[in-house]
Structure formats: C-alpha cells, structure tokens
Amino acid sequence: SHVHYYDFVLREKNFTRLCSTKSMLVVNDSFPGPVIRVQKGDTVYVNVQNQGDYDLTIHWHGVHQPRNPWSDGPEYITQCPIEPGSNFTYEVIFSDEEGTLWWHAHSDWTRSSVHGAIVVMPLNETGFPFPEPDGEEIVVLGSWYKDDVNEVVAEALEDGDDTPRSDCYTINGQPGDFFACSNDSTHRWEVEHGKTYLLRIVNAAMNAELYFAIAEHNLTVVGMDGSYVKPIVTDFIMICPGQTMDILVTADQPLGWYYMAARQYDSVRPDVTDYDTSNVTAILEYKGNYTPPALPIFPSNLPTYEDLSSAVAFSSRILSLASTEHPINVPKNITTRMYITTEMNNIEFDNGTDERSGLASSLNNVSWVNPSTDVLLAYYRNMSGFYTSDFPDYPPSLFDFVAEDLSDDYVTTVQGTKVKVLEYNEEVEIVFQGTNVLDASEDHPMHMHGYSFYVVGKGFGNFDNETDPQVYNLVDPPKMNTVSVPKKGWVAIRFKASNPGVWFWHCHFDRHLSWGMNFVMIVKDGGTPETSMRKPPAYLPPCSDSSTI
Ligand code: C2O
Ligand code: CU
C-alpha cells in the first residue's frame, strides 16, 4: 500500500451561477473540490488549512478508518473544529473499500460547497470484477443556493420552522442548459464511440434523493458505497444523498449529443410542494465528424418527482456481488438489537437567550445536541458531563402503530446527547422505523460513520417482529454506508462492531441533521492493541471550553 499527501486550502472565492455572483468557501479554489485518488488499502494525509472565515471540519464519507476515529471529522463528535487561520492534518486510512466514495465538510451546511470525490482503485493483482473500462467520468451532483447557505440556514433555524430550498441542482458544479446564464458552462463529457466508461456518481446534494439518467444509454450499476454489487442494467438510477455509485456506460448510440439529467425524487409529495423541482443537465458528447444537433436528446425514462414506485423498484434490485473474490460476511448471531424511530417533532429550544419552539427531528424521540467538547475526546479522557450513555431502546411492540400514527406523546421531543455503547465485536441489528409524527413522513437516508452495514430487510408499514425477520436476505444483501428508510416504512441493517471508536449516525438530509436526527455509537476497545483505538494525534484542534488538551 502507498502513502499520499494532499493539501486542502480552504478559502472564499467568487462563483457565478444563475446570473448572480456570491462568495463561498471551497477547497483549492474549485467547486466541486479536488479528487482524492488511491488504491485499496492506501493511507492519505490531508493537510487542511482553514483560510476561511469560520470553523469547519472535513469528513471522509464511507472510509472506514479502522481504529482511527481521530480523523473521521464530524464536528463535536470526533474533533473540535479547525478555526480560521489554523490547520489540521487528517490521516485517512483505507482498508476494504473499493470504488467511489467522497469527502465533505462536516460543520453546519458548509458541505454544500466543500466536497469532492474519492476514487479507490482495486489492487493491480485483482483488478475490477468486470472488464477493464476504457475511461472514467466523475459526476458529482450538488445543490446550489443563490444566497450564502450558512446565513440562510441560521435564519431558518432561528425561525424554527422551515429550511430553504436550493435554487437548482448541479452536475460537476453546473446547473446546465435549462437555466438562465448557464448554457455556456454546462458540463460536457466527451466519449468515443464503442468505448465503455466507468461513471462514478456522488450524490452531494444537501436535501434531495435524486433520479439520474442518460438519454438513450443503458446504465450498468456495478458498485455502490465502495462495495461491488451484482451488475444491474437500468435506464435510470435513484441515489440518496451520501450514496455513491459505480456505473458502466457504453457509448453505443449514433454519434450526437445526449443529455444526462438529474431531478429530485421527492418522497414528501404530494403533501409538500415547496421543493427544488429543477432538472439539472450535462451533455454526453460523441467525438467525431457529424453535424451537432440543435438540441441534445433528453432522457425520456427519467422518473418524475413523485414517482415512489420507481425509486423502490430500483433500490430493491441492488444486491452484493458476493463472489469468491469479493465475499461478504453477514452477522448471524445478533447480540444487540435496536429499534429506532425516525421522527419529525415539535420542540422547545433553548437558543441561549430565551426559550422558543419550532421544528426538530429525532431518533427514538431524542433530538441530538452537540456537546462543547467532542464525544471522542470526552470518552478517551473519561471526562464526564459531555454526553450520557442512555440512548433509549424502543421495544418493537411500539412499532404496531408508528408508521401511520405515533401517539401524541411523541409530537414533542426532548433534546439530549445520548450515545449507545457497544462491546467490541458485538453483532448488531438495527431496525429503523419511519413514522408519521406531525403528519410528516418521508424517506430518511441514514448514514453510519466508520462502517458499512448490510441491508437485510426493507418494507412498508410497521415492522413486524414475527414475520419480517423471516424473509431477511442473509445471502447477498447490499453493503452500504447510507440507506434510505422508506417513507412510512422500515429498514433492517446488520454489522459487526469490529471498529473501535466513536461513530456518528445521522440522516444525510442536512435539514434533518441540523434539526437533530442524529446519534452516536461508541464501540469499546477489544482489549489488545490491535483491537483498540489508536492513540490520538499529537495535535488536535482545541475545544473552546476545554482546557484539558
Ligand atoms: Cu456524508 Cu456524516 O456524512
Ligand atoms: Cu431525514
């Protein structure tokens, strides 16, 4: 394995989109930011220099970081933020991941402009489990806000009601032809007829599950979230925020221009309509001699916003490759079972000056609050008062009624910094149950740091503890780091707690993350040096109220 060094300089820069200019924080002057390219098992040192105006951290989404939560990144979970004018070097340790992942800021909504792709190539000896592609194309899907995102969000949180919609989505930073002042800069992908490309897609949008398709071209999905899947041929994909996909595309159509397009898949519909309904496009352009068409062809097979069944049908086709070269290992002797409800709630806030009420999100009716010193340091140093180890357990009997109508007791949530503590190597099953509290049911793309998990079951309505486990897929369940809990439905995941550390769980819709749909898992050390957390780095960004560093 190799060691790589990257410098990430964070600075404000002006960008013009949708006919207006704003300054935003980016890495190395680019949006999206630089690609990190490694081989399986490599280590990367990223020196992050914060030359911006506010605190931030960077997270390496989907990188398991064995025994090394110190460089995982979520602010106040595994570190305190890097202040303006200072820097921090992350040690990003790759292990079993292979395929596309990504990195992003993990402070407030800064990740809307601070993100980029990570490419993990297979080892030369093994290669890809499919014919070597002729080329590669990275597609990062993002959200664009005309105004300063963090100001807009701060205002929204202050009001305690709604978060703002983005003004458009982007493909590699560009809105595409359907927007004013945009068609000169539409992203173009040049292909050669007859060649096969590996398309690496990242959904970095802030609050949207997205449909994506390329006009007239089939997509063969071969990987997801840094693991290989059984190839599926499709004419569209649905990708949750946080997820990544590896897709083979053969340029086998008549020479010409074809739109690649994405639009929101909006599980909230038809109840709520105030979302970004823009169609973002880029152009797949064949090389060669031909008269360019007046207009590229638009993908006729791109599902519409409210099309729930296409999203469900697509997601259910994804299964682990589970081959001899890429075996899977689904835990079968579960020692810890957790039942976790995802809820939208009302809450009484303490905003520092006075109490007020507003909208919140919660897991098992606890809305997460960041501590002032990160959970990891507090855990490592045995400092009390920063979190409590009493994340509530819900009995599955409660699930008799949650999907449709959770009782009024759950309308108002409590705030807390409650973590779940696991013994090393426990085999864990979690059932996430979507609820309809506040009559606000929708998908929740739940993401786990430090691990990938197997998605062994999924369904609509209330989870049934008697019958549903009987039809779990323990043979080739997909391995992911982010899974959507379906609207008014449930999902069951399993993993073995073999990575000691402090690991964040949260909804990857940033509005829900800000409102508290988060919790933390502490996985204890295994008792030997090889099964215990590594030592902290010599320098950690200081926490403002902690003199103990
Ligand atoms: Cu991309 Cu905490 O996540
Ligand atoms: Cu959510």
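User: How many Å separate the centres of domain 1 and domain 2, taken over C-alpha atoms?
Analyst: This is a predicted model. The protein chain is divided into domain 1, residues 3-316, and domain 2, residues 336-531. Taken over C-alpha atoms, the separation of their centres is 25 Å.

User: How many residues does the contact take from domain 1, and how many from domain 2?
Analyst: A residue pair is in contact if the C-beta atoms, placed from the backbone, lie within 7 Å. On that basis, domain 1 gives 35 residues and domain 2 gives 39 residues.

User: Which helix and which strand each supply at least two residues of the side of domain 1 that touches domain 2?
Analyst: By class, that side of domain 1 has 17 nonpolar, 13 polar and 5 charged residues. The elements that each supply at least two of its residues are helix H1 (149-159) and strand S15 (227-234).

User: Where does UniProt place the feature "domain: Plastocyanin-like"?
Analyst: The annotation comes from an unreviewed UniProt entry. The record gives residues 11-122, 138-289 and 391-525.

User: What is the strand content of residues 11-122, and what is it over residues 391-525?
Analyst: Residues 11-122 are 0% helix, with end C-alpha atoms 33 Å apart. Residues 391-525 are 7% helix, and their end C-alpha atoms lie 20 Å apart. Strand makes up 46% of residues 11-122 and, over residues 391-525, 41%.

User: What is the mean pLDDT of the protein chain?
Analyst: The model scores ipTM 0.98 and pTM 0.96. In the protein chain, 95% of residues reach a pLDDT of 70 or more. The mean pLDDT is 93.

Notes. Residues are numbered from 1 along each chain as its sequence is written. Chains are lettered from A and ligands numbered from 1 in the order in which they are written. This is a predicted model: local features need pLDDT of at least 70, side-chain atom pairs count only at pLDDT 80 or more; totals for chains, interfaces and linings use all residues. UniProt positions are given in the numbering used here, feature names are shortened, and annotations may be inferred rather than shown by experiment. Helices (H or I, at least four residues) and strands (E, at least two) are DSSP runs, numbered from the N terminus. Domain bounds come from an automatic or database domain assignment. Two residues are in contact if their C-beta atoms, placed from the backbone, lie within 7 Å. Ala, Val, Leu, Ile, Met, Phe, Trp, Tyr, Cys and Pro count as nonpolar, Asp, Glu, Lys and Arg as charged, and the others, Gly among them, as polar. pLDDT is the predictor's confidence in each residue, from 0 to 100.
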